[in-house]
Amino acid sequence: MSVSRITWLIGLPALLAAALAAVLFASVPSHAASAVTATAGGGSSPKPVIVLEHGAWADASSWDDVIAGLQRQGFTVYAPPDPLRGVAYDSAYLKDFLTQNLALQGKPVILVGHSYGGFVITNAATGDANVKALVYVDAFIPDVNDTLAGLLANSGSCLGGNPADVFNVVPYPNPVGTGGPPGDVDTYIKPDVVPGCFASGLPAPQAAVIAAIQRPLALSTLGEPSGPPAWTTIPSWAVIGTADRVIPPAVLTSMAQHAGAHIIDVNAGHLSMISRANTVTKVIIDAANATG
């Protein structure tokens with residue numbers, strides 16, 4: 001591109017720029033505009049942005065119904081991918097999403113995590129003043145130095161027992177800086193284990209789809225310690241599935257009580273954001289209203 005061409009672009013007439021802006025704003029649907037200007041709890045503060053973090057052996061589609069419910073209430077929602085490479089790596093990924101994303105800078109955020117996603121939000125939100133609430137959905141709420149394996153030890157989790165009976169493992173390329181140690185493997189829940197365990201309480205066809213699309217967790221993640229927890233300074237809510245077989249309710253309740261979280265019990269298995277989407281959505285909105 002010539003210097004004269006660059007100069008012309010930089011010196012684009014103000015009138016043309018204003019006209020372009022008018023066209024762009026005119027093309028934004030009215031419901032999108034309302035998401036920007038709406039307020040939480042009827043006050044003058046802008047509605048917080050909701051950021052949803054999925055857990056292990058899942059993807060962002062597990063939040064589909066919750067996202068739809070929140071959007072109907074005028075919330076802006078993001079559900080970024082969880083790399084599932086390890087606690088430190090995944091938490092750094094989410095922290096960068098929260099702090100480097102121009103769409104989020106300066107805006108209040110409600111951070112929501114499911115299952116292993118609880119580890120990720122607990123670490124990613126530490127020191128982030130924009131995160132106003134943490135919502136844990138059938139999720140781990142770790143303290144410093146807690147590990148996945150340690151929290152589930154002797155808990156009666158349906159993912160416990162002989163790993164060979166529960167998981168299929170697949171080696172993955174592991175270049176420097178991409179997560180786990182050399183020789184690490186990806187873990188997949190065996191398809192015949194998913195319906196009565198990970199997806200308990202859901203219709204068999206739905207559980208079969210979940211088994212087919214699951215994203216693997218790096219095995220090394222199970223022993224990786226958590227860092228200083230964000231819940232010591234940020235208000236938290238915990239949705240506890242009373243029929244959860246992955247993280248037994250007693251474990252969920254113990255973690256939530258330790259963190260001082262607002263506890264909401266729901267008659268559901270491990271995937272309450274799917275089977276009880278309306279309840280989970282309401283809890284997230286309650287957290288937004290309480291901190292807005």
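Begin by selecting Gly-260, which takes a positive phi of about 70 degrees just after helix 10. This is a predicted model, in which local features need pLDDT of at least 70, side-chain atom pairs count only at pLDDT 80 or more, and totals for chains, interfaces and linings use all residues. Residues are numbered from 1 along each chain as its sequence is written, and side-chain values use heavy atoms, with hydrogens and water left out.

Next, select helix 10 itself, residues 249–259. Helices (H or I, at least four residues) and strands (E, at least two) are DSSP runs, numbered from the N terminus. The buried residues here are Val-251, Leu-252, Met-255, Ala-256 and Ala-259; buried means under 20% relative accessible area and exposed over 50%, with partly exposed in between (1.4 Å probe, protein chains only). Seen down the helix axis, these residues fall within an arc of 130 degrees, so they line one face of helix 10. The arc is that of the directions from the helix axis to the C-beta atoms. On the other side, Ala-250, Gln-257 and His-258 are exposed.

Now display helix 7 (148–152), strand 8 and strand 9, against which the buried residues of helix 10 pack; contact means heavy atoms within 4.5 Å.

Two strands pair if DSSP finds at least two bridges between them.

Finally, select strand 1 (residues 49–53) and strand 3 (residues 109–114), which run parallel and are joined by 5 bridges. Glu-53 stands opposite Gly-113 in strand 3.
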